[in-house]
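My notes follow in the order in which I looked.

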Amino acid sequence: MQADAAAIADIYNYYVRHTIVTFEEESVSPDEFVRRMAEVWSESFPWLVAENGGQLVGYAYASKWKSRCAYRYSAEVTVYLAPTSIGNGIGTALYAELFPLLQAKSIHAVIGGVSLPNAASVALHEKFGMTKVAHFPEVGFKLDRWIDVGYWQRTF
């Protein structure tokens, strides 16, 4: 888990430092990723990794949508890829494995948040039958600009 956490932190921190994809603005340590993975697993949600040539090149996971009990059949999905692995089908492969695991867990609604603009992420979510259900203009401020967030949803 620690080895994966270091590689995951490397991937994620690229997006923290250089993009609007995440609203975190400070790098995240591998130890914090160990804690985050443990939290996901403690709720019996999956955290998947993709490797290419023995190197971790992407990850995807699901987590509780909200903490209230009535949301127990809803999950939020997340996927991140190494910048050099974008466009190689890895995000598709990760979601193709993740979505059936959520169905088997009796998840009814899958929700994905996307910082906008992000055509690649929108296309990935829509490839899996997710439709845009919300758009929040200018709810984040990063890299000296206001950022919109959209939400995509699919039900099983």
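I took helices (H or I, at least four residues) and strands (E, at least two) as DSSP runs, numbered from the N terminus. The model is predicted, so I note that local features need pLDDT of at least 70 and side-chain atom pairs count only at pLDDT 80 or more, while totals for chains, interfaces and linings use all residues. Residues are numbered from 1 along each chain as its sequence is written, and side-chain values use heavy atoms, with hydrogens and water left out.

**Entry: helix α4**

I looked up α4, residues 119–127, and found Ser-121, Val-122, Leu-124 and His-125 buried, where buried means under 20% relative accessible area, exposed over 50% and partly exposed in between, with a 1.4 Å probe and protein chains only. Seen down the axis of α4, these buried residues fall within an arc of 160°, so they line one face of the helix; the arc is that of the directions from the helix axis to the C-beta atoms. The face turned away from the buried side of α4 carries the exposed residues Ala-119, Ala-120 and Lys-127. I then asked which elements the buried residues of α4 pack against: they are β3 (74–81), α3 (90–104), β4 (109–116) and β6 (145–155), with contact meaning heavy atoms within 4.5 Å. After α4 comes Gly-129, with a positive phi near 80°.

**Entry: largest pocket**

I searched on a 1 Å grid over the protein atoms alone, where a pocket is an open set of points at which a 1.4 Å probe fits, with protein on both sides within 12 Å along at least five of seven lines, and where lining residues have an atom within 4 Å of a point. The largest pocket has a volume of about 1,200 Å³, a volume being the space filled by probe spheres set on the points. Of its 45 lining residues, Val-21, Thr-78, Val-79, Tyr-80 and Gly-113 are the closest to its centre. By class, I noted 24 nonpolar, 14 polar and 7 charged residues in the lining; Ala, Val, Leu, Ile, Met, Phe, Trp, Tyr, Cys and Pro count as nonpolar, Asp, Glu, Lys and Arg as charged, and the others, Gly among them, as polar.

**Entry: loops and backbone**

I found a cis peptide bond joining Leu-116 and Pro-117, with omega about 5°, and placed Pro-117 in the loop between β4 and α4. Ser-106, in the loop between α3 and β4, has a positive phi near 70° although it is not glycine, and at a relative accessible area of 46% Ser-106 is partly exposed. Asp-144, in the loop between β5 (131–142) and β6, has a positive phi near 65° and is exposed, with a relative accessible area of 73%.
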